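User: I'd like to learn how to read a fold from its atoms, one feature at a time. Can we start with a helix?

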Amino acid sequence: MNPELTDELRMLEESHLQPTIRMDRDQLALILHESFTEIGASGQFHSRQDVLDHLPDEDPTQRTLEDFVAQMLSDNLALTTYTVARTDLSDGHLHRSRRSSIWIRERDAWRLRFHQGTPM
C-alpha cells in the first residue's frame, strides 16, 4: 500500500481519538459518514446519531494508537486495524482494545463508515 495513504489514514484515525475532536460535534460530523455505524468495546451498537449525541459528553482520556495497519479493499474503500491504549485520567488505569475501521473515499475525502472496538 502507498505509504502516503497509510500515513493519511493513520492521521485520520488519530484525529478522532483526540479529546478536542471527540468533544466537537461539528468536527465529528465531518469525519463520520452519513451511514456510520459502530460496535463499541462494550459490544453495544451505535448509530452515527448516537455518537454525535453522546461522544462529546464523555470524560476525556489519553489514547495512544499502536500496531497500525491499513489496506485497500477497493479503489475507494480502506480497512484499518490497530490497538488503542487508553489511560483513564481519573485513576490512571490502562485499558487496551483492538480496533478496526472501514473508511470510504467520496469526493476526494475519507469518511469513517464503520468502526469496531474489542477489549483485550
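Analyst: Buried means under 20% relative accessible area, exposed over 50%, and partly exposed in between (1.4 Å probe, protein chains only). In α1, the buried residues are L5, L9, L12 and E13. Seen down the axis of α1, they fall within an arc of 100°, so they line one face of the helix; the arc is that of the directions from the helix axis to the C-beta atoms. Facing away from that buried side are the exposed residues P3, E4, D7 and M11.

User: What should I know about the model and the labels?

Analyst: This is a predicted model: local features need pLDDT of at least 70, side-chain atom pairs count only at pLDDT 80 or more, and totals for chains, interfaces and linings use all residues. Residues are numbered from 1 along each chain as its sequence is written, and side-chain values use heavy atoms, with hydrogens and water left out. Helices (H or I, at least four residues) and strands (E, at least two) are DSSP runs, numbered from the N terminus.

User: What covers the buried residues of α1?

Analyst: Look for contacts, meaning heavy atoms within 4.5 Å. The cover includes β3, β4, β5 and β6.

User: How do those strands pair?

Analyst: Two strands pair if DSSP finds at least two bridges between them. β3 (residues 62–74) and β4 (residues 77–87) are antiparallel over ten bridges, and a hairpin of two residues joins them. M72 sits opposite A78 in β4. β4 also pairs with β5 (residues 94–106), again in the antiparallel sense, over eleven bridges; there L77 has I104 as its bridge partner. In the hairpin between β4 and β5, G92 takes a positive phi near 75°.

User: Is S101 buried or exposed?

Analyst: S101 counts as buried because its relative accessibility is 0%. The S101 side chain makes one with the side chain of E13 at 2.8 Å, and another with that of H115 at 2.7 Å.

User: Which residues have the most contacts inside the largest nonpolar core?

Analyst: A nonpolar core is a set of buried Ala, Val, Leu, Ile, Met, Phe, Trp, Tyr and Cys residues joined through side-chain atoms within 4.5 Å. The largest has 21 residues, and L9, L32, W103 and W110 have the most contacts inside it.

Methods
Polar contact = N/O pair within 3.5 Å; in protein donor to acceptor, adjacent residues only side chain to side chain.
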